[in-house]
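Q: I would like to learn how to read a fold step by step. Could you take me through one, with the general idea before each case?

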Amino acid sequence: MKTLLQMPAVRTCAAVSCSFNDGGCHAPAVTVAAPGATASCATFVESPVHGGIADVTGSVGSCARTDCAHNTSLACTAPSVTVGPGVTASDCLTYQPA
Ligand code: SF4
């Protein structure tokens with residue numbers, strides 16, 4: 001059994017109202033969902049609880065946007081991703097139709 005040391009980093013995230021955002025994403029592994037035509041970060045949450053691990057940079061754990069050029073078997077193969085407002089408050093802006 002292996003564990004992954006290197007998943008695509010959330011290089012920048014402009015969804016500043018997210019509880020995991022403190023000058024960037026600190027969720028250990030975000031999930032990108034595919035509601036409708038969007039590639040929306042499903043880990044986005046607004047809560048009084050400060051989320052994540054302070055010294056960890058967020059990364060993409062899984063992605064349901066299978067029509068993205070960076071998607072292989074529901075995993076993201078981009079070097080890193082950018083998240084920010086798009087159709088939703090927290091879209092994957094690195095999404096690229098295949
Ligand atoms: S770049 Fe593509 S595969 Fe990677 S998280 Fe964004 S939408 Fe998913």
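Q: What share of the contacts with a separation of 6 or more comes from residues 24 or more positions apart?
A: Two residues are in contact if their C-beta atoms, placed from the backbone, lie within 7 Å. In this chain, residues 24 or more positions apart make up 68% of the contacts with a separation of 6 or more.

Q: Before we go on, what kind of model is this, and how are the residues numbered?
A: This is a predicted model, where local features need pLDDT of at least 70, side-chain atom pairs count only at pLDDT 80 or more, and totals for chains, interfaces and linings use all residues. Residues are numbered from 1 along each chain as its sequence is written.

Q: How many helices and strands are there?
A: Helices (H or I, at least four residues) and strands (E, at least two) are DSSP runs, numbered from the N terminus. The chain has zero helices and eight strands, so its elements read β-β-β-β-β-β-β-β from the N terminus on.

Q: How does the radius of gyration agree with that of a compact globule?
A: The radius is taken over C-alpha atoms, and the globule rule is 2.2 Å times the number of residues to the power 0.38. For 98 residues the rule gives a value near 13 Å, and the chain has 13 Å, which agrees. The C-alpha trace spans about 35 × 35 × 20 Å along its principal axes.

Q: What percentage of the residues is buried?
A: Count the other C-beta atoms, placed from the backbone, within 10 Å of a residue's own: 20 or more means buried, 12 or fewer exposed, and anything in between partly exposed. By that count, 34% of the 98 residues in the chain are buried.

Q: Which strands pair with S2, and in what sense?
A: Two strands pair if DSSP finds at least two bridges between them. S2 pairs with strand S4 (residues 60-63) in the parallel sense over three bridges, and Thr-31 has Ser-62 of S4 as its bridge partner. S2 is also joined to strand S3 (residues 40-41) by two bridges, and these two run antiparallel. Here the bridge partner of Val-32 is Cys-41 in S3. The hairpin of S2 and S3 has six residues between the strands, and Gly-36 takes a positive phi near 60° there.

Q: What surrounds Val-32?
A: Val-32 lies in strand S2 and is buried because 28 other C-beta atoms lie within 10 Å. Leaving out residues up to four places away in sequence, Val-32 touches Ala-39, Ser-40, Cys-41, Ala-42, Val-60, Cys-63, Ala-64, Arg-65 and Cys-92. Val-32 and Thr-43 are eleven residues apart along the chain, with 7.5 Å between their C-alpha atoms.

Q: Where do residues other than glycine take a positive phi?
A: Most residues other than glycine have a negative phi, and most peptide bonds are trans. Ser-73 has a positive phi near 55°, and Leu-74 has one near 70°. Ser-73 lies in the loop between strand S5 (71-72) and strand S6 (75-76), and Leu-74 is in the loop between S5 and S6. Ser-73 counts as exposed because it has 8 C-beta neighbours inside 10 Å; Leu-74 is exposed with 12 other C-beta atoms within 10 Å.

Q: Which residues are closest to the ligand?
A: A residue is near a molecule if its C-beta atom, placed from the backbone, lies within 6 Å of it. The ligand is surrounded by 14 residues, and the closest are Cys-63, Cys-68, Cys-76, Cys-92 and Tyr-95.

Q: How does the shell around the ligand divide?
A: Ala, Val, Leu, Ile, Met, Phe, Trp, Tyr, Cys and Pro count as nonpolar, Asp, Glu, Lys and Arg as charged, and the others, Gly among them, as polar. The shell has ten nonpolar residues, three polar and one charged.
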